[in-house]
Amino acid sequence: MVSRVATYTNHTLLSDLAIRNAAKVTDLQNQASSGYKSRDYAGIADSAQRLLNLEGEYTRTEQYLRNTTQAKLRLQSMETAVDSMLEIATQMKTLLIQASSAQQADDVNIMDEAEQALQQIANLLNTNLDGRYLFAGGRSEDPAVDIDKIGAPDNYMSDLDVALTGTTTLAALGVTTGQLQIVSTDVDGNSVTTNVNYNAATDDIDDILDAINSVTTNGAIASLRGFGGEGNPLLNIENVGNGKITITESGAGDFLTKLGMEKIPNPRPDADYYDGDKQILEVRVDEQYNVSYGILADNPAFQKLIQGLGIAAGTEDQDAMTVAIGFINEAINDLPNVQGQIGLDIANVERFETRHQDFKVFAAQAISDIETVDVPLTLAELSQYETALQASFIAISRASDLSLANYLR
């Protein structure tokens, strides 16, 4: 029907209303089927900037959570390793006390037990997670510990009861002139032989030290230091390359006998076994905030445990075992502090992890509120608009049938 001037206005209003209802019905149908308010930002223009901000924060929060999860896994692995070390140290202390007090070193096979314990400690300090050696600091691509260097050096040591100084003369010790033959073998089996001549009438301990240490191709080094770094200064002649050393007497000399030189490991007060660096790892856990975490394999607690086990692995001497027990006991006292430090690092990381998890839940809900619709409510609203659209079509149809002729009939 062609609209007349008299019905044009009503017809136009009814048509516009029907078109708006049809557009709303289509929009609501799309929302109900997809669950989203709009397929583009234009459909949520009033909330678009807020949505972009929330999505950016959500993405950063997910990265922080990945960082905290990774750091926590590393710390938990380190904590487990330290727990195992403490258990090994406690077991070895018990064995050493048994062997020392009851003189049953042969029965408990203390040297083999200590050697196995050393290997276990080395493996624990070389704990690897996702290709990273956890106790190596920044040099995490390489093992933290050189297993060939983890034991105490092969070493000859003078009598524990005889205090020496550099000026102690050989004559005062009753030594007869002679020659020492020192054979040092490195970890690859290569050996170096050094002959050291000494004169009982003129030489003192400093002369013996100089004679051994001045040989540049020598595989041995001599020093005056107490057993385990404490007590009377003793003469130590040890292998430089962490291999084996053998000292024999040539001629009529009796240097080894008069000084009571025995093969007893005497660990140096250092961490030669450590191949890492001094860098403490950091993890970004929040904007402009890093958490430092981790323990290095040269930690004093680990050093003491390794020193004690190194002594026990190299001798059955009762005095030596007493010193070994001392080192291991110190390690047992110190390892809980290491555990505590790792625990504090874990707690620190977990605080940020909890905060980010809470924000992630909030942000996800806020993003969902902006992007998505309540489908049941949308369906109810769709039904209302469909009814209104049908009513619009009926009204237009009825209006088109109105005429003066029909009215006058």
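Which residue in β5 is the bridge partner of Leu 180? Select Leu 180 and look across to β5: the partner is Val 196.

Before moving on, a word about what is on screen. This is a predicted model, in which local features need pLDDT of at least 70 and side-chain atom pairs count only at pLDDT 80 or more, while totals for chains, interfaces and linings use all residues. Residues are numbered from 1 along each chain as its sequence is written, and side-chain values use heavy atoms, with hydrogens and water left out.

Now colour β4 (residues 178–185) and β5, which pair in the antiparallel sense over eight bridges. Helices (H or I, at least four residues) and strands (E, at least two) are DSSP runs, numbered from the N terminus, and two strands pair if DSSP finds at least two bridges between them.

**Second stop: Asp 203**

Asp 203 is buried (under 20% relative accessible area, 1.4 Å probe, protein chains only). It has no salt bridge (a side-chain nitrogen of Lys or Arg within 4 Å of a carboxyl oxygen of Asp or Glu), and the nearest side chain of opposite charge, Lys 258, is 17 Å away. Show Thr 202 as well: its side chain makes a polar contact with that of Asp 203 at 3.4 Å (N or O atoms within 3.5 Å, one able to donate a hydrogen and the other to accept it; residues adjacent in sequence count only if both atoms are side-chain atoms).

Next, bring up the open antiparallel sheet with the order β6-β7-β3-β9. Its edges are β6 (220–227) and β9 (262–263), each with a single partner strand, so one side of each is left without a neighbour in the sheet. Two bridges join β3 (residues 155–157) to β9; pick Tyr 156 and you will find Lys 263 opposite.

**Last stop: Asp 317**

Finish in the loop between α7 (300–314) and α8 (318–371), where Asp 317 sits. Asp 317 is also buried without a salt bridge, and Lys 263, the nearest side chain of opposite charge, is 15 Å away. Its side chain reaches the backbone nitrogen of Ala 320 at 2.9 Å.

Notes:
Buried means under 20% relative accessible area, exposed over 50%, partly exposed in between (1.4 Å probe, protein chains only). Lys and Arg count as positive and Asp and Glu as negative; His and the chain ends are not counted.
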